[in-house]
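Here's a quick briefing for anyone meeting this structure for the first time. Have a look at the model, then read on.

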Amino acid sequence: MNVGSSLGASVAEVLAAAGQVLGRPVPHVIGPRRPGDPPSLVADASRLRSRLGWVPRRSDLETMIASTLDWQRRRPF
């Protein structure tokens with residue numbers, strides 16, 4: 001089953017949110033779309049919600065990124 005918030009975000013929006021959380025811009029290079037890349041992908045968690053009653057607790061980009069960064073900092077390689 002897909003796990004997501006059912007809210008889509010562009011790569012530019014993810015980069016901007018990550019920059020906000022980190023307090024600095026995220027280095028990146030903009031290139032052409034690759035052959036076969038879909039115009040958009042959004043996880044639909046409706047099946048997970050209907051079967052298990054699961055609801056995302058973190059659905060905005062900045063909260064998801066901050067949570068992931070916190071998790072990673074507590075588990076260094």
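Touching, or contact, means heavy atoms within 4.5 Å. Keep in mind that this is a predicted model, where local features need pLDDT of at least 70, side-chain atom pairs count only at pLDDT 80 or more, and totals for chains, interfaces and linings use all residues. Residues are numbered from 1 along each chain as its sequence is written, and side-chain values use heavy atoms, with hydrogens and water left out.

**The segment before α1**
- Val3 sits in the segment before α1, and with a relative accessible area of 56% Val3 is exposed.
- The cut-offs go like this: buried is under 20% relative accessible area, exposed is over 50%, and partly exposed is in between, using a 1.4 Å probe and protein chains only.
- Setting aside neighbours within four places in sequence, Gly4 is in contact with Ala43, Ala45, Arg49, Trp54 and Pro56.
- Gly4 and Arg47 are 43 residues apart in sequence, and their C-alpha atoms are 11 Å apart.
- Gly8 belongs to the segment before α1 too, and Gly8 is exposed, with a relative accessible area of 51%.
- Not counting residues up to four places away in sequence, Gly8 touches Glu13 and Val42.
- The C-alpha atoms of Gly8 and Leu61 are separated by 9.8 Å, although the two are 53 residues apart along the chain.

**Helices and how they pack**
- The protein has three helices and zero strands, and along the sequence the pattern reads α-α-α.
- Helices (H or I, at least four residues) and strands (E, at least two) are DSSP runs, numbered from the N terminus.
- Helix α1 (residues 11-22) packs against helix α3 (residues 61-74) at an angle of about 55°, and their axes are 9 Å apart.
- That makes α1 oblique to α3, since angles under 35 degrees count as roughly parallel, over 145 as roughly antiparallel, 65 to 115 as roughly perpendicular and the rest as oblique.
- On the α1 side, the contact is made by Glu13, Val14, Ala17, Ala18, Gln20, Val21 and Leu22, which meet Leu61, Glu62, Ile65, Ala66 and Leu69 in α3.
- The residues of this contact of α1 with α3 divide into nine nonpolar, one polar and two charged; Ala, Val, Leu, Ile, Met, Phe, Trp, Tyr, Cys and Pro count as nonpolar, Asp, Glu, Lys and Arg as charged, and the others, Gly among them, as polar.

**A closer look at Ala18**
- Ala18 is in helix α1, and at 14% relative accessibility Ala18 counts as buried.
- Apart from neighbours within four places in sequence, Ala18 is in contact with Val26 and Ile65.
- Ala18 and Pro76 are 58 residues apart along the chain, and their C-alpha atoms are separated by 19 Å.

**The whole chain**
- Of the 77 residues of the protein, 12% count as buried.
- The C-alpha trace spans about 40 × 40 × 25 Å along its principal axes.
- Among contacts between residues at least 6 apart in sequence, 78% join residues at least 24 apart.

Conventions
Axes fitted to C-alpha atoms, helices over the stretch in contact; angles between N-to-C directions.
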